[in-house]
Amino acid sequence: MDSLGAGGCSETFRYMELAMEQAKHALECLEVPVGCVVVRDGKVIASGRNRTTETRNATRHAEMEAIDVLLKQWQTCGLSASEVAERFSNCVLYVTCEPCIMCAAALSILGIKEVYYGCANDKFGGCGSILSLHSSCTQTNTSEEDAPGKSFKCTGGIMASEAVSLLCLFYEQGNPNAPKPHRPLTQAKPDMPL
């Protein structure tokens, strides 16, 4: 994982601000506030936000939402699998939180060119925090069916404090859609040592 310095490209911040708008929309919809945009040739071609609660589908992360928009669009245009792969190889993803292991694996399989993200994902991160799927993929297999994916450049820490602030807002307000605990939470008694 690389880190963008203070003199980083204003274009990167412009796209990350668009991803933040998607994350804010997710927060308004009582979803974990993660958002993304996909850029190709300097243009935003897709965006996504978390929709796991709305859809009751744990795979509906922001990245997967944006990927599905592009796959549907490109398949409707009649593009072949190799043409779709070529298009993904020229795309850059901007996402407010480090892609989880599932999303990082999908991005690798699709052959995304580059990823910029906001804050680290210390529990499920697939781009350096837990696993490094962005750099651990190899091209040693000769069979396309066996290919595990492609490495992609990954830069973290872009507007990280803003991303963390949104996540804190979500968790401070409590998740009204979270399941109720199966057992009561235990609290320390005043006479018990901590």
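Okay, let's start with a pair of helices: α3 and α5 run roughly parallel to each other, because angles under 35 degrees count that way. Their axes sit 9 Å apart at an angle of about 30°. Those axes are lines fitted to C-alpha atoms, for helices over the stretch in contact, and angles run from 0 to 180 degrees between N-to-C directions. Helices here are DSSP runs (H or I, at least four residues), numbered from the N terminus.

Before I go on, this is a predicted model, where local features need pLDDT of at least 70 and side-chain atom pairs count only at pLDDT 80 or more, while totals for chains, interfaces and linings use all residues. Residues are numbered from 1 along each chain as its sequence is written, and side-chain values use heavy atoms, with hydrogens and water left out.

So who touches whom? On α3 we have E63, M64 and I67, and they meet M102, C103, A106, L107 and L110 of α5; contact means heavy atoms within 4.5 Å. By class that's 7 nonpolar, no polar and 1 charged. Ala, Val, Leu, Ile, Met, Phe, Trp, Tyr, Cys and Pro count as nonpolar, Asp, Glu, Lys and Arg as charged, and the others, Gly among them, as polar.

Next, α3 again, residues 62-76, now with α4, residues 81-88. Their axes come within 11 Å and cross at roughly 135°. I67, L70, L71 and W74 of α3 make the contact with V84, R87 and F88 of α4. The tally is 6 nonpolar, no polar and 1 charged.

The axes come within 11 Å and cross at roughly 0°, which makes α1 roughly parallel to α7. M20, A23, K24 and L27 in α1 meet E162, A163, L166, L169, F170 and Q173 in α7. This contact has 7 nonpolar, 1 polar and 2 charged residues.

How much space lies in it? About 600 Å³. A pocket, on a 1 Å grid over the protein atoms alone with a 1.4 Å probe, is an open set of points with protein on both sides within 12 Å along at least five of seven lines, and lining residues have an atom within 4 Å of a point. The volume is the space filled by probe spheres set on the points, which are joined across faces, edges and corners. There are 20 lining residues, with V32, C97, N121, F124 and Y171 nearest the centre. Helix α7 (residues 160-173) gives the most to that lining, with 3 residues. By class, the lining has 12 nonpolar, 4 polar and 4 charged residues.

Terms used
Helices (H or I, at least four residues) and strands (E, at least two) are DSSP runs, numbered from the N terminus. Angles under 35 degrees count as roughly parallel, over 145 as roughly antiparallel, 65 to 115 as roughly perpendicular and the rest as oblique.
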